Amino acid sequence: MKTFCGRANPATGALDWVEESEEYDYHQEIARSCYADMLHDHDRNEKYYQGIRAAVSRVKARGEKVIVLDIGTGTGLLSMMAVTAGADYCYAVEVFKPMADAAFRIVKKNGFSDKIKIINKHSTEVTVGLDGDMQTRANVLVTELFDTELIGEGALPSYEHAHLNLVQEGCEAVPHRATVYAQLVESEQLWSWAQLQPMEVDGRKLLPPPAVSHCAGAHSVCDIQLSQVPPHSFTPLGPLCTMFSVDFSKPVSSAPQSHSSSFPAQSSGRAQVVLSWWDIDMDPSGSIVCSMAPSWTYPDPQSAPWRDHWMQSVYFLPVERRVVEGEELSLTVSHDDYSLWYSLQPDGQQGTLSEAPPCRPCCVCQAHLVWTRTRFGELNDRQRTQSYVRALRSVVKPDSVCVGVSDGSLLPVFAHMLGAKKVFSLENSGMLKQVIEQVLNANSMRGGVQILGIRPDQLSSTDLAGEQISVLIGEPYFSTSLLPWHSLYFWYCRTALVRLLTPNATILPCSATLCMVAVEFQDLWRIRAPCGTCEGFDVGPMDEMVQQSLDFRESHEAEPQPLWEYPCRALTQPRAVMTFDFLQCVPEQPIRCQGSLPFMRRGRCHGVALWMEYQLNDDIKVSMGLTRPVSEEGACEWSLHRKQGVYFFRSPWESSGDGRASVSYSFTFEPSIGDIKMDFTVASQ
């Protein structure tokens, strides 16, 4: 049996349906899971263990048998903790069959098969009774159903059903409660991810369309490692507010609700963004707390636990609002059964709860549907914009015929503003075409750029009104690109358009370079590292399952990661390893490159970071990876707008930093598929 999977094709810029073996989806789910990250989260595991011990003790003190229901058991870790703490029996529910099978093996390997029953069902399908999955209702409810937004994995409906059908009234719950916190801030950096800002092009203003500026945007949460957003990049306009709590030991409702918190504005500014996170109390007294607060809230930021399965949330207010210091404000959080959203009112009452929450924000301008948050940030990056404008200014002439090839790009608009004779833009997406037309209309440039909804290989001289292309421009950016080198689709576009180019046509960018550096990750290594033993329990079968799935394909490929969120240290010098000449057509034969990079710094090498740099002209280059030279200590600063590629080594390499060990690399660019195959080895001299 085969399955069809969507995969970006860098040679066509399209999402192709590729036939894969029936095991593909299974291995993808396992290889990309957060299980390893959770098992390495000692703070989480320790707090759960403490809470479970306390709950089991409270039930035993009442003279009752301890029957535990563990929803979302994963590896079975929490159930094994419960039995070790003295529970009489555990029902461990896991809906994902490969994970349930692994939990069965782990429980057996640790000698708990007689006390733990693995139930491979969704918790809402579990039955209770003599012939049911559970013989009796549980009096201890243990769950790990949370995501960065707390409720995004369906925690509320699952708890609601469990209290109605699976647990006893007055049961103990671990965690006992969750509390959501929020802070209203002004932040130019974060707000740039939500709204298109005015730009300056050659002394002229380019204004965002009113429909975009007044649009509430997409309501979906922006989950990030907020610890990597430095406090100096935002201004708090109010205190950290306790928005609401959920007591998991009592019946839970998944019905839509709203909660408000009132406070006087701490300073004057523009209310734009809400920073939010949550914590969980593992016991009723609140003495065992697992917090998702970012590191800069800790007296010692280095003591903050790192985790990637639970991060922090950024929410963008539907409308930017100016506030004055001392003004009374009311911040409202609303939620349905799976998501949260925030709104701000001039007045309010602390802790009010409404049956009819404010409407969920909804994009009506289309820009927020086709531009991602990071894409908004990229378009709003003034330094980046000026680099492209300077490069365009050097090549655009009054007789220039320009064609732009990038998804939702403003470069064709810039070319028109710089005085090109004619400007065309190729846009496959009808929504992107409408968004760019809104930009043109808002700036009295209707018709200044002719937007053609066709692919480069379909473009004819007739479409260009008999003209030939003198300037071909691209960022390049394509929404289907997953890895940095997938934007080489621009090269294929240039090749498809060769018959329409003038003999001396300018290609901008003129070349692209693939760069690499071997790195030591501060924390990101945890998502791929085997665990072995977790809190005294052997979870080896989980490690084996993950490695088998990685070996299926993932361990031989790079994966996209936003490295600005994941600090790392360079152990080698950065190196340009492959260059792609856009002045020439895509070759028919593969391009190969081999070499080695000596380790120059002491550390543990976890893998290689990869990115693209684009040469716009002889003088101007833009990097989609490192944004400044690596420091003497190896500190790296990465672009906020693009994901880089990360190739994890199967096991880390200890570098002495004396240059006697090196990373050997081999790259092959395959023109037929537009992708790059790579291999790395580490060896000492």
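**A walk from strand E24 to the cores**

In strand E24, Leu 472 is the bridge partner of Val 403. Strands here are DSSP runs of at least two residues (E) and helices of at least four (H or I), numbered from the N terminus. This is a predicted model, in which local features need pLDDT of at least 70 and side-chain atom pairs count only at pLDDT 80 or more, while totals for chains, interfaces and linings use all residues. Residues are numbered from 1 along each chain as its sequence is written, and side-chain values use heavy atoms, leaving out hydrogens and water.

Let's stay with E24, which covers residues 469-473. Strand E21 (residues 401-405) runs parallel to E24 and is joined to it by 3 bridges; two strands pair if DSSP finds at least two bridges between them. E24 is also parallel to strand E25 (residues 501-508), through 4 bridges, and Ile 469 stands opposite Leu 501 in E25. From E24 the chain crosses through helix H14 (residues 489-496) to E25 in a right-handed β-α-β crossover (clockwise from the first strand over the helix to the second, with the strands pointing away from the viewer). In E24, 5 of 5 residues are buried (under 20% relative accessible area, 1.4 Å probe, protein chains only).

Now for the cores, sets of buried Ala, Val, Leu, Ile, Met, Phe, Trp, Tyr and Cys residues joined through side-chain atoms within 4.5 Å. The largest has 131 residues, of which Leu 69, Tyr 342 and Trp 638 touch the most other members. Strand E15 (residues 269-281) gives the most to this core, with 7 residues. A second, separate core of 98 residues includes Leu 501 and Phe 424.

Terms used. Buried < 20%, exposed > 50% of the residue type's maximum accessible area, 1.4 Å probe, protein only.
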